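Subject: The structure I promised you

Hi,

My notes come after it.

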Amino acid sequence: MTFRTRFAPSPTGPLHLGHAYSAMLAHDMARAEGGKFLLRIEDIDQSRARPEWEALIKEDLAWLGLAWDGPVMRQSDRMAAYDAALDTLWAHGLLYPCTCTRRDIAEAMSAPQEGAAPALGPDGPVYPGTCRNLRPAPGSPRPKDQHLRLDMKAALAALSGTIIFEETGPSHLGRHAPDAGQFLTRIGDVVLARRDFSTSYHLSVVIDDAAQGITHVLRGEDLFEATPIHVLLQALLGLPTPVYHHHRLIRDDAGKRLAKRDDARAIRSYRAAGLSAEDIRALVDL
C-alpha cells in the first residue's frame, strides 16, 4: 500500500510556522516512505476564503522546497460529494435539523444539573440535545437551510462493530477504541452541515481523505479529540480509516499556539526578512 498523506490549509490567511512544520513533516514522511504528498485547499468557508491567500500558500510551499503530487483538490468543487454523504446519513435517520443559535446553546448550558460544569467537546460545549426530538417525520426530504446534527445515540446503535483507530503521534501513540460514553458525554450531537456552508469540517475532511486515498493523516495534536468523530463517520459511510499522526504544535514565546493573525510569524514575513527554507526548518526543530 502506497503511503499517501496530505497538507490541507484553509486560504483565509498566510501560512505561519505551525503550518510550515505540518507541511514539511507530512512531505518528509511521504518522501521517506516513497509515497505521495497531496495538497488540498479547504475553502468551504467562501465568506473568508480568498484566491490571493491560496496563491500565497502555494508560493510559500514552493519556497519551502515542497512539491505536491497530482492536482490540487479544492473543497468548494466537491459539494455534490458532501450532499451525497448527507443524503445517506439522513436516509438512515441519523441526522436531525437544529435551529439553535450559539446563544441558545449557551443559555441551555448556563444552569448545568447539580452544579456540574458544562462538558466541553471538540466543537466547544457538548450540545444539550434541544432539537433532537423535533425531527421531521420519516421520509421527509433533507432540509437544506438548517444546521444538521448527527444523532450520536442513533449513530452508535447503527454500528456493526467497535470504533478503532491507530495513532502514531508521540503524545497519543497506540490503538484507540473510544467507547459510547466518550461519544455521548464528551462529543455529543455534532453539526455535520451548516446552513451557510451545506457541510462541515468533520464531514468534508472524512469524504475528502477517502477520495484522495489518504493512508496517513498528519495534523496538529489539537485535532486529536475530533478523531473519534471522523472514525465514526468513516464506519457509518463505509469508508476506510487511515492511520493518524497528531504532531506537536508550534507555539510562541508565551506558549500560545500560533494563529493566522500572528503575522509576525507568517512565512512571507520570514521570506521578506531574508531567511531561507533551511532557517525555517531550524526554527521548528525539523
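Below is what turned up, going through the sheets, the helices and a ring pair. Keep in mind that this is a predicted model.

**A parallel sheet and its helices**

Start with the open sheet of 3 strands, which come in the order β1-β2-β3 and pair in parallel. The edges are β1 (4-7) and β3 (73-74); each has a single partner strand, so one side of each has no neighbour in the sheet. Strand β2 (residues 36-41) runs parallel to β3, and 2 bridges join them.

Helix α1 (residues 17-32) lies across β1 and β2, and runs at about 145° to β2.

**An antiparallel sheet**

Next, look for another open sheet, also of 3 strands, in the order β4-β7-β10 with antiparallel pairing. Here β4 (95-98) and β10 (191-193) are the edge strands, and each pairs on one side only. On average, and ignoring direction, neighbouring strands of this sheet are turned by 45° against each other. Strand β7 (residues 147-150) is joined to β10 by 2 bridges, and the two run antiparallel. To see this for yourself, pick R149, which stands opposite V191 in β10. Helix α3 lies across β4, β7 and β10, at about 105° to β4.

**Two helix pairs**

A bit of background first: two packed helices are described by the angle between their axes and the distance between the axes.

Helix α3 (residues 79-91) packs with helix α7 (residues 201-211) at an angle of about 110°, and their axes are 10 Å apart. An angle from 65 to 115 degrees counts as roughly perpendicular, and α3 and α7 are therefore roughly perpendicular to each other. On the α3 side, the contact is made by A81, Y82, A85 and L86, and on the α7 side by L203, S204, I207 and D208. Sorted by class, the residues of this contact are 6 nonpolar, 1 polar and 1 charged.

Now try the other pair. How are α6 and α8 packed, at what angle and how far apart are their axes? Helix α6 (residues 180-187) and helix α8 (residues 227-237) pack at about 120°, with axes 11 Å apart. That makes α6 oblique to α8. Their crossing is left-handed. The residues that meet are Q182, F183 and I187 in α6 and P228, I229 and L232 in α8. By class, this contact of α6 with α8 has 5 nonpolar residues, 1 polar and no charged ones.

**A ring pair to finish**

There are 2 aromatic pairs by the count used here. In one of them, the rings of F165 and Y244 have their centres 6.0 Å apart and their planes at 80°, so the pair is edge-to-face. F165 lies in strand β8 (residues 165-167) and Y244 in strand β12 (residues 243-247), so this pair ties together parts that are 79 residues apart in sequence.

Cheers

Terms used. Residues are numbered from 1 along each chain as its sequence is written. This is a predicted model: local features need pLDDT of at least 70, side-chain atom pairs count only at pLDDT 80 or more; totals for chains, interfaces and linings use all residues. Side-chain values use heavy atoms; hydrogens and water are left out. Axes are lines fitted to C-alpha atoms, for helices over the stretch in contact, and angles run from 0 to 180 degrees between N-to-C directions. Helices (H or I, at least four residues) and strands (E, at least two) are DSSP runs, numbered from the N terminus. Angles under 35 degrees count as roughly parallel, over 145 as roughly antiparallel, 65 to 115 as roughly perpendicular and the rest as oblique. A crossing is left-handed if the near helix is turned anticlockwise from the far one by less than a right angle, and right-handed if clockwise. Contact means heavy atoms within 4.5 Å. Ala, Val, Leu, Ile, Met, Phe, Trp, Tyr, Cys and Pro count as nonpolar, Asp, Glu, Lys and Arg as charged, and the others, Gly among them, as polar. Two strands pair if DSSP finds at least two bridges between them. Rings of Phe, Tyr and Trp (its six-membered ring) pair if their centres lie within 6.5 Å; planes under 30 degrees apart count as stacked, over 60 as edge-to-face and the rest as tilted.
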